[in-house]
Amino acid sequence: LKERAERELGIRVFGYVPELKDLTLKSRHLGLVMPEEILGIRERLDLIKEKVRVGINLDGIIEEAGRAAEIEVKLPEAVRQFCNVDCGTGIKKTVVAVAKDEAFCFYYEDNLDLLKKLGAEIQYFSPIHDRNLPEGTCAVYLGGGYPELYAKALGENETIRNEIRRKAEEDMPILAECGGYLYLLKELKDENGTGYEMAGVFSGKGYKKGKNSHFGYITVQTERDSLYLKAGETIKGHEFHYWESTQDENELKMQAQKPTGKRGWPCMTIKNQVMAGFPHLYYPSMEGFGERFIQA
């Protein structure tokens with residue numbers, strides 16, 4: 001089909017990847033099994049690499065990419081100012097503690113890059129294994145993942161749960177998405193329905209709904225000003241989860257709106273300087289969101 005596609009469609013065809021029936025990767029309820037859980041993942045990737053190398057003209061792709069026009073990226077003024085700061089001159093950075101372990105592993109890399117550009121120093125920690133937040137923590141970012149698979153271990157680490165709750169009560173800025181939001185609830189039930197105590201920043205309980213009713217791309221908006229999102233502003237994100245929360249919908253101050261049609265639902269809550277809910281937010285989609293978090 002290469003010659004015909006190039007002749008009739010006016011595009012370059014660089015090759016193909018054949019169906020690799022013996023190289024499938026397993027999935028679970030959120031569609032992902034993390035690489036470190038897959039036996040022989042490196043060998044499988046090497047086999048896939050060889051198939052790609054044989055079937056695709058990689059040199060042609062690089063050559064074509066070299067003809068592309070430059071894309072001009074305009075950074076907000078606040079980002080430019082932070083990018084020009086020489087942090088080797090004794091200027092104190094904002095330490096953002098980011099949860100990263102077996103339970104918390106879903107992040108938009110662009111979000112972390114944006115926070116770094118705004119002057120943040122990212123320090124990773126594990127709500128499962130670490131007893132305390134990193135030294136000098138100024139803010140916390142709890143991403144998505146599989147806390148429901150590690151609810152027992154998360155519940156048993158009472159020390160860091162209590163510390164995060166205290167920091168929330170003391171007005172530390174905290175952003176929590178999906179799995180991170182479940183961790184901030186009073187209780188989280190595992191796959192078998194056994195409940196374990198969580199951080200208790202919010203009153204609700206997380207439980208398995210059994211049906212993924214809120215999924216796909218969304219726009220998050222609010223009718224009232226909050227610390228990170230002002231009335232009328234919107235930020236893009238997505239939802240994909242099989243666990244739900246019993247938190248009172250009256251406490252959910254923000255609304256998720258599907259890009260097409262009129263479907264929408266309450267999705268996020270604000271308490272002190274904590275903003276949490278099921279949506280995974282894409283920070284670069286709204287100028288000012290990351291800046292407000294770092295400034296707080």
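In β8, E197 is the bridge partner of E187. The model is a predicted one, in which local features need pLDDT of at least 70, side-chain atom pairs count only at pLDDT 80 or more, and totals for chains, interfaces and linings use all residues. Residues are numbered from 1 along each chain as its sequence is written, and side-chain values use heavy atoms, with hydrogens and water left out.

Strands here are DSSP runs (E, at least two residues), numbered from the N terminus. Strand β7 (residues 187–189) runs antiparallel to β8, and three bridges join them; two strands pair if DSSP finds at least two bridges between them. Zooming out, β8 and β7 belong to an open sheet of four strands, ordered β8-β7-β9-β12, with mixed pairing. β8 (195–197) and β12 (243–245) sit at the edges with a single partner strand each, so one side of each has no neighbour in the sheet. From one strand to the next, the twist averages 25°, with axes fitted as lines to C-alpha atoms and angles running from 0 to 180 degrees between N-to-C directions.

A search of the whole structure turns up two cavities of 30 Å³ or more. A cavity is a set of points on a 1 Å grid over the protein atoms alone where a 1.4 Å probe fits but cannot get out, and lining residues have an atom within 4 Å of a point. The volume is the space filled by probe spheres set on the points, which are joined across faces, edges and corners. For the second largest cavity, that comes to about 30 Å³. Its lining includes M268, Y283 and F289, while strand β6 (residues 174–177) gives the largest share, three residues.

Methods: 1 Å grid on protein atoms, 1.4 Å probe; cavity = no way out; pocket = protein on both sides within 12 Å on 5 of 7 lines; lining within 4 Å.
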